Amino acid sequence: MIHSLAELAQGLKSLGYPVAYSHFKSAQTPPFICYRVIDSDTLTGDNTVVDEAINVDIELYTETKNLTAENKIKQFLKDNELPWDYVESYIETEGVFQCVFSIQLI
């Protein structure tokens, strides 16, 4: 099971696509993956943080609808018991599809 950003990055890289936190330093040819922390939720007690859950978006960018790449990410998340929410959009100015998988690392 994945509990950290480092473990998540390692797992995403194993899917065979270029992976970067937030963005790449140079232009990439799709498909590629970016991931980033959106926010976090904390559990507090006695004026201290007891536990933290990190909300992360995993963004897949492709030139065409790519079910193979999407299914690789879905299977990776399923194998690691990471439930996800999913939204897809087309970024016309870039000519790419963006598929965002929202997960929570605890």
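## Salt bridges at a glance

Three salt bridges turn up in this structure, which is a predicted model. Let's take them in turn, starting with the pair formed by R36 and E59.

## A strand-to-strand pair

The side chains of R36 and E59 form a salt bridge, with an N to O distance of 3.3 Å.

How exposed or buried are the two partners? R36 has a relative accessible area of 34%, so it counts as partly exposed. E59 has a relative accessibility of 6% and is therefore buried, the cut-off being under 20%.

With E70, K65 makes a salt bridge whose closest N and O atoms are 2.9 Å apart. K65 is partly exposed at 39% relative accessibility, while E70 is buried at 2%.

K65 also forms a salt bridge with E88, and here the closest N and O atoms are 2.4 Å apart. E88 sits in strand β4 (residues 85-91) and K65 in the loop between β3 and α2 (67-79), so this pair ties together parts that are 23 residues apart in sequence. E88 is partly exposed, with a relative accessible area of 32%.

Which residues do shared partners join into one network? They are K65, E70 and E88.

Technical notes:
Residues are numbered from 1 along each chain as its sequence is written. This is a predicted model: local features need pLDDT of at least 70, side-chain atom pairs count only at pLDDT 80 or more; totals for chains, interfaces and linings use all residues. Side-chain values use heavy atoms; hydrogens and water are left out. A salt bridge is a side-chain nitrogen of Lys or Arg within 4 Å of a carboxyl oxygen of Asp or Glu. Buried means under 20% relative accessible area, exposed over 50%, partly exposed in between (1.4 Å probe, protein chains only). Helices (H or I, at least four residues) and strands (E, at least two) are DSSP runs, numbered from the N terminus.
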